[in-house]
Amino acid sequence: MGVQKSEVVITSSVPAAKLFKALCLDIDTLLPQVLPGAIKGGEILEGDGGVGTVKLVTLGDASPYKTMKQKIDAIDKEAFTFSYSIIDGDILLGYIDSINNHLSFVPTADGGCTATSTAVFNTKGDAVVPEENIKFANDQNNLIFKAVEAYLLAN
């Protein structure tokens with residue numbers, strides 16, 4: 001199995017707790033309102049929304065993909081960290097076994113935070129995820145981040 005890693009760091013004037021809640025805990029209900037083309041919704045298949053929960057996410061018309069199945073790996077509401085894996089769906093392109101995502105939000109002295117998003121692509125055999133696919137994923141995540149951030153600043 002091949003492994004590729006990508007990390008994006010973004011600063012925000014939104015407090016860490018507020019951004020963590022919006023992007024990690026409330027994303028399934030918030031994102032369809034804030035960025036309707038990104039995701040249509042999420043359906044819990046197993047679990048109660050906590051660690052171990054498996055959900056099917058139906059992506060929006062703006063996405064070239066239709067679905068992804070996510071499993072929540074870890075939630076730390078005090079440290080503002082959230083980890084989940086994409087374990088199925090056409091978003092895996094047929095040559096990716098899974099994508100492990102880790103989000104962390106660190107408060108800054110000015111009341112905002114530094115958000116870090118790390119994605120680990122676990123590929124089948126010796127497959128390699130093309131850089132343009134990783135860039136596309138990072139760009140999509142940045143778009144979602146900025147849309148949610150703008151919503152939180154306005155509300």
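Analyst: I will begin with L23, which is located in helix α1. Please bear in mind that the model is predicted.

User: Is L23 buried or exposed?

Analyst: L23 counts as buried, because its relative accessibility is 13% and the cut-off for buried is under 20%.

User: Which residues is L23 in contact with, leaving aside its neighbours within four places in sequence?

Analyst: L23 is in contact with F105, I144, F145 and V148. Of these partners, F105 and V148 are named, together with L19, as the residues with the most contacts inside the largest nonpolar core.

User: How many residues does that largest nonpolar core have?

Analyst: The core has 40 residues. The elements that give two or more residues to it are α1 (16-25), α2, β3 (54-59), β4 (67-76), β5 (81-88), β6 (96-107), β7 (113-123) and α3.

User: Which element gives the largest share?

Analyst: Helix α1 does, with six residues.

User: And what does L19 touch, not counting residues up to four places away in sequence?

Analyst: L19 touches S12, V14, C24, F105, C113, F145 and L152. F105 and F145 are also in contact with L23.

User: Changing topic to the helices: at what angle do α2 and α3 pack?

Analyst: Helix α2 (residues 27-34) and helix α3 (residues 131-154) pack at about 85 degrees, and their axes are 10 Å apart. The two helices are therefore roughly perpendicular to each other, since angles of 65 to 115 degrees are classed that way.

User: Which residues make the contact?

Analyst: From α2 the contact involves I27, L30, L31, Q33 and V34, and from α3 it involves I144, A147, V148 and Y151. By class, eight of the residues are nonpolar, one is polar and none is charged.

User: What about A150, where is that?

Analyst: A150 lies in helix α3. At 45% relative accessibility, A150 counts as partly exposed.

User: Now the backbone. What is the phi of F80?

Analyst: F80 has a positive phi of about 60 degrees, although it is not a glycine. F80 is in the loop between β4 and β5, and it is buried, with a relative accessible area of 18%.

User: Where is L93, and what is its phi?

Analyst: L93 is found in the loop between β5 and β6. Its phi is near 60 degrees, a positive value in a residue other than glycine. L93 is partly exposed, with a relative accessible area of 30%.

User: Back to F80 for a moment. Which residues does S104 touch, not counting those up to four places away in sequence?

Analyst: S104 touches F80, T81, T114, A115 and T116. S104 is in strand β6 and counts as buried, at 15% relative accessibility.

User: Finally, what does the UniProt annotation cover?

Analyst: According to the unreviewed UniProt entry, the annotation "domain: Bet v I/Major latex protein" covers residues 1-155. Over residues 1-155 the chain is 27% helix and 43% strand, and the end C-alpha atoms are 44 Å apart.

Technical notes: Residues numbered from 1 in each chain as written. Predicted model: local features only at pLDDT ≥ 70, side-chain atom pairs only at ≥ 80, totals over all residues. Heavy atoms only, no water. UniProt positions renumbered as here; feature names shortened; annotations may be inferred. Helix = DSSP H or I, 4+ residues; strand = E, 2+ residues; numbered from the N terminus. Axes fitted to C-alpha atoms, helices over the stretch in contact; angles between N-to-C directions. Parallel < 35°, antiparallel > 145°, perpendicular 65-115°, else oblique. Contact = heavy atoms within 4.5 Å. Nonpolar A, V, L, I, M, F, W, Y, C, P; charged D, E, K, R; others polar. Core = buried A, V, L, I, M, F, W, Y, C linked by side-chain atoms within 4.5 Å. Buried < 20%, exposed > 50% of the residue type's maximum accessible area, 1.4 Å probe, protein only.
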